[in-house]
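The entries follow the order in which I looked things up.

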Amino acid sequence: MSFRISFAPPADDTLAKMRNGDSFRREMARTLGLDPYGYASTAVKLERDRREATVAGAIVLYYVSGTVLTVTVVRLVPLP
């Protein structure tokens, strides 16, 4: 089962400025797209569906919707 990866406007703006945007999208699909509760992610403020992980050198804050199989990235912080 795979999850669709969606980017909220602030995260999408950051993604557009990343040099490795295409490879980052592929890595998101390969990792959190297949297992949004795994890949060393952690729940934020004890909310199971609100999560944080580091993917391809960027900190990703996202929400998981199991009913529609979507991971929505709300904040993206690329590491320098």
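I began with β4 and β5, which pair in the antiparallel sense over eight bridges; the model I am reading is a predicted one. Within this pairing I found tyrosine 62 opposite valine 73 in β5. The two strands form a hairpin with four residues between them, and in the turn I noted leucine 69, whose phi is positive at about 50°.

I then turned to the pairing of β3 (residues 47-55) with β4 (residues 58-65), which is antiparallel and runs over six bridges. Here I looked up glutamate 52 and found that its bridge partner in β4 is leucine 61.

Next I checked how β1 is joined to β5, and found that the two run parallel and are linked by four bridges. For isoleucine 5 the bridge partner in β5 is valine 71.

Putting the strands in order, I wrote down an open sheet of five strands, β1-β5-β4-β3-β2, with mixed pairing. At its edges stand β1 (4-7) and β2 (42-44), each of which pairs on one side only. From one strand to the next the twist averages 40°.

Last, I looked at the helices. Helix α1 (residues 9-17) lies across β1 and β5 (70-78), and its direction runs at about 55° to β5. Helix α2 (residues 21-30) packs on the sheet, where it touches β1, β3, β4 and β5, and its direction makes about 135° with that of β1.

Notes: Residues numbered from 1 in each chain as written. Predicted model: local features only at pLDDT ≥ 70, side-chain atom pairs only at ≥ 80, totals over all residues. Heavy atoms only, no water. Pairing = 2+ DSSP bridges. Axes fitted to C-alpha atoms, helices over the stretch in contact; angles between N-to-C directions. Contact = heavy atoms within 4.5 Å.
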